Amino acid sequence: MVSEWLQNLMIEYNSISLEKKESYSSLIQMPGIIFEKLIKWALENLPDEILVGFDPNWDRPHLPEVDEIFLFQKNRKQLFAGEGYIIGEPNLVNRGDSFSVHHIPEEWTDDFFAVDRGPRGGRFTHWLHTHPNAVAIPSGADADAAQYTEGIDMILGIQFSPEGMYPWFDEVEGERRPLIDRNKEAVGNFSTGHLVHGLEVIAYHRSGVGINVIFVDENNYPYGWENFILEE
Ligand SMILES: [Zn+2]
């Protein structure tokens, strides 16, 4: 069961994803239960960034009625690997600073990774890395690493306290997609002793186009679905 504060944030985020659907070429669906796990891992590995790999869950195709409402461009060619399938289980692959996080350890690359598959190896379809106390906007190193991704790249920005060595950094140009809670300032309390004040998530394809993120529940419906179908 996903925490209620996070469910509320995902409802708000999904409603913005719906509002902004015309800005996106395609969409990706992430289970809320996985998202909650990612936030926990991010906090457990501070002050490092973490790199997480995913494959599509081939048993969980998107529900047609969900894509019908959230996809703006229909009947177009497939843009990325795993498109149309909900993201599968996360795999924590690496931790490090904003550069080294993309260069996975040798024990991961031995034998089964070809050199021409990039610094992260081609093992997973999709990748996500974190920006502790920084906005979710790709750096130059992020854009370079994404050139080898078959699926999509995601960034999770987390604003938390105590800040430790990272005061909140937001002086970056780019389209931001925060998860907003209108009522509370601190939104989540974690066993690591951190308070989470803000989250933001973006996804993009290596061609540079933005991918819309939709958070879905265990039944493959977006959080807030009842409201969205009433509005449409
Ligand atoms: Zn980054």
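Predicted model: local features only at pLDDT ≥ 70, side-chain atom pairs only at ≥ 80, totals over all residues.

User: In which element of the protein is confidence lowest, and in which is it highest?

Analyst: Confidence is lowest in helix H4 (residues 106-109), where the mean is 61. At the other end, with a mean of 98, the highest confidence belongs to strand S4 (residues 85-87).

User: How many helices and strands does the protein have?

Analyst: The protein has 232 residues, and 40% of them count as buried. Its secondary structure comes to six helices and eleven strands.

User: Among contacts between residues at least 6 apart in sequence, what percentage join residues at least 24 apart?

Analyst: Two residues count as in contact if their C-beta atoms, placed from the backbone, lie within 7 Å. Among such contacts between residues at least 6 apart in sequence, the share that joins residues at least 24 apart is 82%.

User: Why is strand S11 described as largely enclosed by the rest of the structure?

Analyst: A residue is buried if 20 or more other C-beta atoms lie within 10 Å of its own. Strand S11 (residues 210-216) has seven residues, and it is largely enclosed because the number of them that are buried is six.

User: How many bridges join strand S1 to S11, and do the strands run parallel or antiparallel?

Analyst: Serine 26 of S1 (residues 26-31) stands opposite isoleucine 211 in S11. Proline 31 stands opposite valine 216 in S11. The two strands run parallel, and the bridges that join them number six.

User: Which residues of S1 point one way, which point the other way, and are they buried or exposed?

Analyst: Six of the six residues of S1 are buried, so this strand is largely enclosed by the rest of the structure. Ser26, Ile28 and Met30 point one way, while Leu27, Gln29 and Pro31 point the other way, and all are buried.

User: Which residue in the turn between S10 and S11 has a positive phi?

Analyst: Strand S10 (residues 195-204) pairs with S11 in the antiparallel sense over two bridges, and tyrosine 204 stands opposite glycine 210 in S11. The two strands form a hairpin with five residues between them. The residue in the turn with a positive phi, of about 105 degrees, is glycine 208.

User: How far apart are the end C-alpha atoms of helix H1, and where do its buried residues lie?

Analyst: At 1.5 Å a residue, the 16 residues of H1 (residues 4-19) should span 22 Å, and the end C-alpha atoms are 23 Å apart, which agrees. The buried residues are Leu6, Leu9, Met10, Tyr13, Asn14 and Ser17. Seen down the axis of H1, these buried residues fall within an arc of 140 degrees, so they line one face of the helix.

User: Which exposed residues does the other face of H1 carry?

Analyst: What covers the buried residues of H1 includes H2, S10 and S11, among other elements. The face of H1 turned away from its buried side carries the exposed residues Glu4 and Glu19.

User: Is glycine 164 buried or exposed, and which residues is it in contact with?

Analyst: Glycine 164 lies in the loop between strand S7 (153-161) and strand S8 (178-179). Glycine 164 is exposed, with 12 other C-beta atoms within 10 Å. Leaving aside neighbours within four places in sequence, the contacts of glycine 164 are with Leu46 and Pro47.

User: Is asparagine 133 buried or exposed?

Analyst: Asparagine 133 is in the loop between S6 and H5, and has a positive phi of about 50 degrees although it is not a glycine. Because 22 other C-beta atoms lie within 10 Å, asparagine 133 is buried.

Notes
Residues numbered from 1 in each chain as written. Helix = DSSP H or I, 4+ residues; strand = E, 2+ residues; numbered from the N terminus. Pairing = 2+ DSSP bridges. pLDDT = per-residue confidence, 0-100. Expected span 1.5 Å × (residues − 1). Arc of directions from axis to C-beta.
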